[in-house]
Structure formats: C-alpha cells, structure tokens
Amino acid sequence: MKETAKCDSKLRVLIIEDSAELRTLLTGMLDEIPGVDLVGFAETENTALDMLAAEQPDIAIIDLELKSGNGLNVLARQANSIMKSDGIKKLVFSNYANAVIRKRCSALGATAFFDKSFQMDELLDLIELEAKLLANR
C-alpha cells in the first residue's frame, strides 16, 4: 500500500489529534486537496509514535494536547529516534501558541507551528503547496 501511494505521487498525511470533531473537520478539508492521501490518525502519544513508524507519512499534523501523553513528547521521541524520520514534516497545530512553546517545538524538529484559533487556512495552504510540489517531481 505504501509503495502505491508513493508511485501515485500523493502526499501522505497523518493527523495526531485527540478531538474527534477537529479530526473530522481536518479530514473533510484534506479530502478536498488534490494529491493528498490521509493515512490515518492517532489520539495518543504511543499510537502517534506507532503510526509514524508504520506509515512514514510525508506530513504529520501534531496537536500538543492528546488523550494520553502529548505532542511535545511525540516531537522529542521522534527527534531522538534511531528510525529515519527526518523526512517527515511535523506541523504543530495547537491552541498553545505562545513564544516559549513555539521555540520548544522548533527545537524538537517541528517544521512549522499553526495556532488552531486562527491559522487553519495557513496550515491547509502549506499542505496544498506540498502536494503540488510532490506531484510536479
């Protein structure tokens, strides 16, 4: 299945988010972006790490507050992992958008940080751009 997705030049996205409502909203919006393949979602830190390892998505959308564990630990454990995960773009999407948290996420390898309260469009625009770039390779 992974090889097919790569051959089709689809951008593989994993959602790490504990809110069912937000996952549904993001899923619907991602489905409207050509060239995006949603590979799954995780609600907890451990499930997120398992899914990242199993699916090796191109992009992970990571919330900082999860049902069990948190997104900072996901970033930290990915940064310290021996598996090849440096190619995964980690997009933090959180309500905790203060400068200290943003800096910590960046230090742990986050590619970008988006505030849930007003930057959903920017998040989706970046994913759409990445999908277009992948399709043109």
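At the start of helix α5, which covers residues 99–107, a side-chain oxygen of N98 reaches to within 3.0 Å of the backbone nitrogen of V100. This contact, like every value in this report, belongs to a predicted model. Just after the other end of α5, G109 takes a positive phi of about 100°.

R104 and L75 are 29 residues apart in sequence, and their C-alpha atoms are 9.7 Å apart in space.

**The protein as a whole**

The C-alpha trace spans about 40 × 35 × 25 Å along the principal axes of the protein. A compact globule of 137 residues would have a radius of gyration near 14 Å, and because the protein has 14 Å, the two values agree.

How much of the protein is buried? Of the 137 residues, 46% are buried. The accessible surface comes to about 7300 Å², and carbon and sulfur atoms account for 52% of this surface. When contacts between residues at least 6 apart in sequence are considered, 66% of them join residues at least 24 apart. As for charge, the protein has 16 positive and 22 negative side chains, and the centres of these two sets lie 7 Å apart.

Helix α3 covers residues 45–55, and E45 lies in it. Is E45 buried or exposed? With 10% relative accessibility, E45 falls under the 20% cut-off and therefore counts as buried. Once its neighbours within four places in sequence are left aside, E45 is in contact with L66, S68, G69, N70, N73, V74 and R77. With R77 there is also a polar contact, made between the side chain of E45 and the side chain of R77 at 3.0 Å.

N46 lies in helix α3 as well. At 48% relative accessibility, N46 counts as partly exposed, whereas E45 is buried. The side chains of N46 and R77 are joined by a polar contact of 3.4 Å, so that R77 has polar contacts with the side chains of both E45 and N46.

Beyond the end of α3, Q56 is found in the loop between α3 and strand β3, which covers residues 59–62. The phi of Q56 is near 45°, a positive value in a residue other than glycine. With a relative accessibility of 28%, Q56 counts as partly exposed.

A76 has its place in helix α4, which covers residues 71–79. Its relative accessible area is 16%, and because this is under 20%, A76 is buried.

| Pair | Separation in sequence | C-alpha to C-alpha distance |
|---|---|---|
| R104 and L75 | 29 residues | 9.7 Å |
| N46 and A76 | 30 residues | 13 Å |
| A76 and R137 | 61 residues | 31 Å |

Read from the side of A76, the table gives a C-alpha distance of 13 Å to N46 and a C-alpha distance of 31 Å to R137.

Methods: Residues are numbered from 1 along each chain as its sequence is written. This is a predicted model: local features need pLDDT of at least 70, side-chain atom pairs count only at pLDDT 80 or more; totals for chains, interfaces and linings use all residues. Side-chain values use heavy atoms; hydrogens and water are left out. The radius of gyration is taken over C-alpha atoms; the globule rule is 2.2 Å times the number of residues to the power 0.38. Buried means under 20% relative accessible area, exposed over 50%, partly exposed in between (1.4 Å probe, protein chains only). Contact means heavy atoms within 4.5 Å. Accessible areas come from the Shrake-Rupley method with a 1.4 Å probe; for residues, only the protein chains shown count as cover. Lys and Arg count as positive and Asp and Glu as negative; His and the chain ends are not counted. The place of a charge is taken as NZ of Lys, CZ of Arg, CG of Asp or CD of Glu. A polar contact is a pair of N or O atoms within 3.5 Å; within protein, one must be able to donate a hydrogen and the other to accept it, and residues adjacent in sequence count only if both atoms are side-chain atoms. Helices (H or I, at least four residues) and strands (E, at least two) are DSSP runs, numbered from the N terminus.
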